[in-house]
Every structure is written in C-alpha cells, then in structure tokens.
Amino acid sequence: MKALDRILAGISTVTGVIAGICLMLMLALIMADVSAKYLFHMPITGTLEIVSYYFMPIAVYLALPYVERSGEHISVPLVTDLLPIRVRDILSILVALFSAAYLLVVAWACGEKAAALMRTGEEVGLIYFDLIIWPPRWLVPIAFVLMAIQIVHGAFKKDSEAQAQ
C-alpha cells in the first residue's frame with residue numbers, strides 16, 4: 001500500500017507541476033501576444049488556438065489527480081457529518097467506487113474519441129500553418145483514469161487509517 005501511495009503521490013505531483021507550468025506558459029504567451037499586438041501591431045499567430053487547444057486542457061485535466069490527492073475538491077459534508085463514523089466510512093468507499101466507475105466510463109468514451117481524432121489527424125487551420133490538435137484530446141482519458149485510481153486509493157487509505165486508530 002505504501003509503494004502505491006508513493007507512486008500515486010509522484011504521479012500527482014508531476015501532473016500538478018506540469019499543469020502549473022502550463023498556466024505560466026499560457027500567461028507568458030498571452031502577455032507576449034497582447035504586447036506584440038499593441039506595441040508592434042503584430043499579434044502572435046495562433047495564440048488563441050494554442051492556449052485553448054493545448055495550455056487550457058493541460059492545466060485543467062492534469063491538475064485533477066493533484067487536486068484529488070490534496071483533498072482540495074469542493075465537498076459539503078452537511079449530511080454525512082450527522083452519520084455514524086462507520087457508516088460514513090462505508091459510504092465514502094461506495095461513493096469512491098461509483099465515482100471511479102463513472103470516471104472510467106467517461107475516460108473510455110473520451111479515449112475512443114481521441115483515437116478517432118488521431119486517426120483523422122484533427123487540426124485547425126491558422127493563417128500561416130495548420131495546428132495539429134488531436135494530441136491534447138488524450139489528456140481527458142489519461143487524467144480521468146489517474147483521478148479514478150486516486151479516488152479509490154484515497155478512500156481505502158482513509159478507511160485503513162481509521163481502522164488502525
């Protein structure tokens with residue numbers, strides 16, 4: 001269990017760092033584009049497309065496993081706090097399993113779509129070049145699988161820690 005915990009911690013940390021770097025790159029590219037547009041009347045071609053097809057999906061989807069591991073997702077425990085601890089623990093595991101199953105189904109469907117778009121070579125035409133946009137489509141299934149694993153692992157880890165006490 002500890003080895004899996006270390007692996008998942010490493011993966012979620014790496015994905016979180018990559019998401020943070022993408023946020024910074026997105027900021028830098030937009031600042032450079034706005035500056036070039038107003039100072040030199042020459043905006044950077046493809047800024048909107050690069051930001052919306054690459055940086056935003058990376059920043060959003062690769063942050064999901066990190067946010068789940070950190071326990072930073074929004075939760076409102078109004079009802080569950082009223083339940084006995086053992087019922088709360090069982091409910092937590094059931095919700096984790098249901099959530100993971102849902103995420104895996106969505107990951108499968110998104111993986112099918114990503115594979116289809118990869119086969120067709122999805123791209124968007126810009127003024128001077130075509131931007132290939134199918135690679136970021138794989139972020140959704142990858143992130144959802146990692147998040148599903150993280151959710152189930154977190155629920156069972158909390159349960160085993162609660163039983164140890």
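This is a predicted model: local features need pLDDT of at least 70, side-chain atom pairs count only at pLDDT 80 or more; totals for chains, interfaces and linings use all residues.

Me: At what angle do the axes of helix 1 and helix 3 cross?

Reply: Axes are lines fitted to C-alpha atoms, for helices over the stretch in contact, and angles run from 0 to 180 degrees between N-to-C directions; helices are DSSP runs (H or I, at least four residues), numbered from the N terminus. Here helix 1 (residues 2–40) and helix 3 (residues 63–70) have axes that come within 7 Å and cross at roughly 125 degrees. Angles under 35 degrees count as roughly parallel, over 145 as roughly antiparallel, 65 to 115 as roughly perpendicular and the rest as oblique, and the two helices are therefore oblique to each other. Helix 1 contributes Asp5, Leu8 and Ala9, among others, to the contact (heavy atoms within 4.5 Å), and helix 3 contributes Ala63, Pro65, Tyr66 and Arg69.

Me: Is histidine 153 buried or exposed?

Reply: Buried means under 20% relative accessible area, exposed over 50%, and partly exposed in between (1.4 Å probe, protein chains only). Histidine 153, placed in helix 5 (residues 139–164), has a relative accessible area of 6% and is therefore buried. Leaving aside neighbours within four places in sequence, histidine 153 is in contact with Met1, Leu4, Asp5, Leu8 and Arg69.

Me: And where is histidine 41 found?

Reply: Histidine 41 lies in the loop between helix 1 and helix 2 (47–61), and at 67% relative accessibility counts as exposed.

Note on methods: Residues are numbered from 1 along each chain as its sequence is written. Side-chain values use heavy atoms; hydrogens and water are left out.
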